[in-house]
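Subject: Structure for you to look over

Dear colleague,

I am passing on the structure we spoke about, together with some notes on what turned up in it. Please read them with the sequence and the model open beside you.

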Amino acid sequence: MIMTSEWAFILDEADELSAMILSSEQAQKLSNAYNDVYTDDILVHQISTFNRMKEQYEDVQRFGKYHPDYHTIMKQIRQQKRSLDLDERVASLKIAENDFQDLLDEISLIIGKSVSEAVKVPVSNPFFATSGSSCGTGCGTGGGCSCSA
């Protein structure tokens, strides 16, 4: 690829957009929430214990109720998840992650639509997926759903 002044301009604009995203309110909230969760040693220990339990849970899922520890692991994983979900810092982190993802989705849609209205942009929030789609689902099947895309 030959570097032209147009490419240099695009790279400069991308760097500027990246800096704007990183300095956004959503990014700051995410960073603060992440630090709140991962600077507490007790909470970090709970998260690592939960992650180990998830591995056991996945093993149990392969065999279902025929696994010898099925009921014990299913009960423990639910209790640990509930304990983590009820922690205010974990809940704040999840909200901050969703807000930041929404920001990234909005930016992706703006960039995609500036290229062409026909560009399909994958987004995590169904609200954004329906905003520009003619069938309301953002299916991307090329007419397989009878939409007029």
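Before the details, a word on terms: helices here are DSSP runs of H or I with at least four residues, and they are numbered from the N terminus. Please also keep in mind that this is a predicted model, and that the values below are all computed from it.

With that numbering, Arg62 and Asp59 both belong to helix H3, where they sit 3 residues apart, or about one turn of the helix. Their side chains meet in a salt bridge, with N to O at 2.7 Å. Arg62 is exposed, because its relative accessibility of 62% is over the 50% cut-off, whereas Asp59, at 29%, counts as partly exposed.

As for the chain as a whole, its secondary structure consists of 6 helices and 0 strands, so that, given how the elements are assigned, the order from the N terminus reads α-α-α-α-α-α. Of its 149 residues, 20% count as buried. The accessible surface comes to about 10,900 Å², and carbon and sulfur atoms account for 55% of that area. If you consider the contacts between residues at least 6 apart in sequence, 44% of them join residues at least 24 apart.

The search for salt bridges in the whole structure found 6. In general terms, side chains of opposite charge can pair when their charged atoms come close. One of these bridges is formed by the side chains of Arg89 and Asp40, at 2.4 Å from N to O. This pair links distant parts of the chain, since Arg89 lies in helix H5 (residues 88–115) while Asp40 lies in the loop between helix H2 (25–38) and helix H3 (41–63), 49 residues apart. Both partners are partly exposed, Arg89 with a relative accessible area of 31% and Asp40 with a relative accessibility of 21%.

Which other residue forms a salt bridge with Arg89? The partner is Asp87, and the closest N and O atoms of that pair are 2.9 Å apart. Through such shared partners, salt bridges join Asp40, Asp87 and Arg89 into one network.

Is Met53 buried or exposed? At 8% relative accessibility, Met53 counts as buried. Leaving aside residues up to four places away in sequence, Met53 touches Ile73, Gln76, Ile77 and Gln80. The C-alpha atoms of Met53 and Lys81 are separated by 9.9 Å, although the two residues are 28 residues apart along the chain.

Methods: Residues numbered from 1 in each chain as written. Predicted model: local features only at pLDDT ≥ 70, side-chain atom pairs only at ≥ 80, totals over all residues. Heavy atoms only, no water. Helix = DSSP H or I, 4+ residues; strand = E, 2+ residues; numbered from the N terminus. Buried < 20%, exposed > 50% of the residue type's maximum accessible area, 1.4 Å probe, protein only. Contact = heavy atoms within 4.5 Å. Areas by Shrake-Rupley, 256 points an atom, 1.4 Å probe, with all protein chains shown as cover. Salt bridge = Lys/Arg side-chain N within 4 Å of Asp/Glu carboxyl O.
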